[in-house]
Amino acid sequence: MRKRTLPALGLAAATAGIVGVVLALSPAPAGAAPASYPQHSLTIEAVEKGTAINMVDVAPADSALGDQLIGTGDLVGKDGRKLGTSSFQGISTDARPRTAELLTFVYELADGKITTSGTARLSATGPVFDEQFAITGGTGKYKNARGQVRVLQETVEQAKVTFDIQL
């Protein structure tokens, strides 16, 4: 009786080869940086002071759904010097009362821009909102930026902004 170990070994070798090729072609796990990019974290703390804010009330007048808040601001560091500017758009996602917004921010700093997006639950008491927003992209120094930005919107005109950036 002849043993059939060679075909089994051949099948095992072929399977291992296929698995090796599949693993080599598989994308990196989510959040993993390519090996060629050094990773480091950067935290920036600032106060955002509104310079221009405008409300756009869309029809019907008795509904908040779709109303927009558009504005700009200055970003000021702890030492009082201007770090950059901000531009934002908020779109109300609740019909009545106005309690939630979809927000997009663009922060323009001296060495590049950071874009963020997310939702916020608005409060009638205390701060307007205290939310984390995803960093969705960037330019310049922040080209490969990931992470989040905490915005503690204390009043309509002022917010504390903390960037936790992975580069």
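Leu65 touches Val58, Ser92, Thr93, Asp94 and Ala95, leaving aside residues up to four places away in sequence; contact means heavy atoms within 4.5 Å. This is a predicted model: local features need pLDDT of at least 70, side-chain atom pairs count only at pLDDT 80 or more, and totals for chains, interfaces and linings use all residues. Residues are numbered from 1 along each chain as its sequence is written, and side-chain values use heavy atoms, with hydrogens and water left out.

**Leu65 and its loop**
- Leu65 sits in the loop between strand 1 and strand 2; strands are DSSP runs (E, at least two residues), numbered from the N terminus.
- Leu65 counts as partly exposed because its relative accessibility is 47%. Buried means under 20% relative accessible area, exposed over 50%, and partly exposed in between (1.4 Å probe, protein chains only).
- Asp94 is 29 residues from Leu65 in sequence, but their C-alpha atoms are 5.1 Å apart.

- Strand 5 covers residues 112–121. Gly112, Ile114, Thr116, Gly118 and Ala120 point to one face and are buried.
- Strand 4 and strand 5 pair antiparallel over 10 bridges; pairing requires at least two DSSP bridges between two strands.
- Two residues separate strand 4 and strand 5 in a hairpin. Arg121 in strand 5 is the bridge partner of Ala100.
- Strand 6 (residues 129–138) runs antiparallel to strand 5, joined by four bridges. Ala134 in strand 6 stands opposite Ser117.

**Nonpolar core**
- The largest nonpolar core has 23 residues, and Tyr107, Tyr142, Phe163 and Ile165 have the most contacts inside it. Such a core is a set of buried Ala, Val, Leu, Ile, Met, Phe, Trp, Tyr and Cys residues joined through side-chain atoms within 4.5 Å.
- Phe163 touches residues including Leu42, Leu75, Tyr107 and Ile114, not counting residues up to four places away in sequence.

**Largest pocket**
- About 280 Å³ of space lies in the largest pocket. A pocket is an open set of points on a 1 Å grid over the protein atoms alone, where a 1.4 Å probe fits, with protein on both sides within 12 Å along at least five of seven lines. Its volume is the space filled by probe spheres set on the points, joined across faces, edges and corners.
- The pocket lining has 21 residues, with Leu69, Phe88, Phe129, Gln153 and Val156 nearest the centre. Lining residues have an atom within 4 Å of a point.
- Strand 1 gives the largest share of the lining, five residues.
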